[in-house]
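Here is a short briefing to read alongside the structure. Have the model open on your screen, and let's walk through it together.

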Amino acid sequence: MAIINVLDPLVELWTSLVNALPGIAAAAIIIVFGYIVALIIGYVVKEVLLRTGFDRWLTKSKLNKAIGGASLSVIIGTLTKWWVFVAFLAPAARSLQLGEISDLLVKLANWLPNLFVAIIIFLFGLIVAHYAADMVRHKKAKGAHLLGDIIQWVTVIFILIIALGQLGV
């Protein structure tokens, strides 16, 4: 009789694990499928941007300095890949049926696109700030360099406020 009482928690644990397995398997399938779809879409976006000469145009106009010389096509392709992947996280979390943990994962998955939009806003804002500052710096007026710096900083701060607003901060 005492042995049966000791085994009851283990039997309950085993039963709950077996009951959770279909949800875990469904979540794994959704995540793997989502990652494959995201890889394909991210690759297509990156290749389209590369073949249209987007990075060449940024380099030629010296706007790639604003983002540290990085390839914006690769950055946008990567962000697109993760954005698509995140779209599959909420259904995967729901399929787990783990109560509060699933609810928390769904909330996180629903918030992550805001992060990606904020990153894109900030990157394009850096490019715009760099472009505006360069336009002013190339004028032959006295104090043009200082005015260019001021314009760049004000624009970056303004864009940072917009990006943080997108995050809900």
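L39 sits in helix α1, which covers residues 2-51; helices here are DSSP runs of H or I of at least four residues, and strands are runs of E of at least two, numbered from the N terminus. This is a predicted model, in which local features need pLDDT of at least 70 and side-chain atom pairs count only at pLDDT 80 or more, while totals for chains, interfaces and linings use all residues. Residues are numbered from 1 along each chain as its sequence is written, and side-chain values use heavy atoms, with hydrogens and water left out.

**L39 and its surroundings**
- L39 counts as partly exposed because its relative accessibility is 37% (buried is under 20% relative accessible area, exposed over 50%, and partly exposed in between, with a 1.4 Å probe and protein chains only).
- K81 lies 42 residues from L39 along the chain, yet their C-alpha atoms are separated by 5.6 Å.

**The whole protein**
- The protein has 5 helices and 0 strands, and its elements run α-α-α-α-α from the N terminus on.
- Its radius of gyration is 24 Å, well over the 15 Å that the globule rule gives for 169 residues, so the protein is more spread out than a compact globule (the radius is taken over C-alpha atoms, and the rule is 2.2 Å times the number of residues to the power 0.38).
- Along its principal axes, the C-alpha trace spans about 95 × 35 × 20 Å.
- Of the 169 residues in the protein, 32% are buried.

**Helices α3 and α4**
- Helix α3 (residues 72-96) packs with helix α4 (residues 100-137) at an angle of about 165 degrees, and their axes are 7 Å apart (axes are lines fitted to C-alpha atoms over the stretch in contact, with angles from 0 to 180 degrees between N-to-C directions).
- That angle makes α3 roughly antiparallel to α4, a label for angles over 145 degrees.
- The contact of α3 with α4 has 23 nonpolar, 2 polar and 1 charged residues (Ala, Val, Leu, Ile, Met, Phe, Trp, Tyr, Cys and Pro count as nonpolar, Asp, Glu, Lys and Arg as charged, and the others, Gly among them, as polar).

**Q97 and H145**
- Just after α3, Q97 takes a positive phi of about 50 degrees.
- H145 is in helix α5, residues 144-167, and counts as exposed because its relative accessibility is 52%.
- H145 and Q97 are 48 residues apart in sequence and 59 Å apart in space, C-alpha to C-alpha.

Conventions: Angles under 35 degrees count as roughly parallel, over 145 as roughly antiparallel, 65 to 115 as roughly perpendicular and the rest as oblique.
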